[in-house]
Amino acid sequence: MTAALVAGLVAGYGIAVPVGAVATYLVSLTARTSLRTGVCAALGVAAADGLYALLATVGGSAVAVALRPVLVPLRWASALVLLALAARGALTAVRRYRARHLAVRAVPPPPSARRAFLSLLGITLLNPATVVYFTALVLGSGASGAVRPLEQGVFVGAAFAASASWQVLVAGGGALLGRALTGHRGRLVTALVSSAVMTVLAVGMAL
């Protein structure tokens with residue numbers, strides 16, 4: 001039981017800590033909206049990680065075999081989603097910056113907590129690296145067939161908890177960034193930098 005708990009925590013932090021496109025978007029979203037929205041989005045990321053951990057522990061090698069034919073389409077879909085998010089974020093930031101003198105207070109309402117959760121859940125589920133990571137981890141242990149259901153549950157729960165704790169920390173950083181950069185120019189710069197990073201990561205994912 002303890003081994004499953006530790007393995008789940010290590011697996012969750014292993015997939016969550018590296019800064020990628022999802023973390024970049026999470027920080028940007030929280031900086032533009034609120035900590036509440038960011039936390040809900042962070043839980044969406046963690047839910048996807050937990051779901052993939054469950055699929056990996058239950059499916060084992062069957063998951064890897066089933067995904068092999070669709071890894072390339074998944075990678076392209078993920079890249080296209082990131083490019084769309086990057087373009088939308090940059091265009092929205094430029095429009096708001098240009099219109100600041102006309103309507104300073106006319107800011108669109110932030111996405112709801114439910115929408116933020118579902119959006120980040122979908123973005124993370126599109127990333128094939130997550131399921132490949134968890135499947136490789138389970139297969140590498142050499143004990144996927146002998147693990148009891150209770151231990152599988154502990155592993156999945158620990159992976160979700162680890163991912164959630166890190167993603168909420170990332171969202172908190174986005175909230176602090178949003179408070180520090182309250183000016184129009186600061187928000188424009190952070191949005192453009194975020195869009196540029198997501199574009200580079202999307203291009204790298206597609207190559």
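The structure is a predicted model, in which local features need pLDDT of at least 70 and side-chain atom pairs count only at pLDDT 80 or more, while totals for chains, interfaces and linings use all residues. Residues are numbered from 1 along each chain as its sequence is written, and side-chain values use heavy atoms, with hydrogens and water left out. The protein chain holds 9 helices and 0 strands, where helices (H or I, at least four residues) and strands (E, at least two) are DSSP runs numbered from the N terminus.

**The chain as a whole**

- Read along the sequence, the protein chain follows the pattern α-α-α-α-α-α-α-α-α.
- Of the 207 residues of the protein chain, 36% count as buried, a word that stands for under 20% relative accessible area, whereas exposed stands for over 50% and partly exposed for values in between (1.4 Å probe, protein chains only).
- The accessible surface of the protein chain comes to about 10900 Å², and 72% of this surface belongs to carbon and sulfur atoms; such areas come from the Shrake-Rupley method with a 1.4 Å probe, and for residues only the protein chains shown count as cover.
- Among contacts between residues at least 6 apart in sequence, 90% join residues at least 24 apart, a contact being a case of heavy atoms within 4.5 Å.

**Patches on the surface**

- A patch is made of residues with over 30% relative accessible area and no salt bridge, with like charges joined within 9 Å and nonpolar side chains (Val, Leu, Ile, Met, Phe, Trp, Tyr) joined within 5 Å.
- The salt bridge in that rule is a side-chain nitrogen of Lys or Arg within 4 Å of a carboxyl oxygen of Asp or Glu.
- L51, L54, L55 and V58 together make a nonpolar surface patch of about 330 Å².
- R32, R88, R96 and R115 form a positive surface patch; Lys and Arg count as positive and Asp and Glu as negative, while His and the chain ends are not counted, and the place of a charge is taken as NZ of Lys, CZ of Arg, CG of Asp or CD of Glu.
- R32, one of the residues in the positive patch, is found in helix α2, which covers residues 21-32, and R32 counts as partly exposed because its relative accessibility is 34%.

**Residues in helix α3**

- L51, which belongs to the nonpolar patch, lies in helix α3, covering residues 35-59, and L51 counts as partly exposed because its relative accessibility is 38%.
- L51 and V156 are 105 residues apart in sequence, yet their C-alpha atoms are 7.9 Å apart in space.
- T37 also lies in helix α3, but T37 counts as buried because its relative accessibility is 3%.
- When residues up to four places away in sequence are not counted, T37 touches L29, P111 and A116.

- A3 is found in helix α1, which covers residues 2-16, and A3 counts as exposed because its relative accessibility is 62%.
- A3 and V154 are 151 residues apart in sequence and 9.5 Å apart in space, C-alpha to C-alpha.
- V10 is found in helix α1 too, and V10 is exposed because its relative accessible area is 54%.
- V10 and A158 are 148 residues apart in sequence, while their C-alpha atoms are 8.6 Å apart in space.
- A86 lies in helix α5, which covers residues 71-98, and A86 is buried because its relative accessible area is 3%.
- A86 and V200 are 114 residues apart in sequence and 9.8 Å apart in space, again C-alpha to C-alpha.
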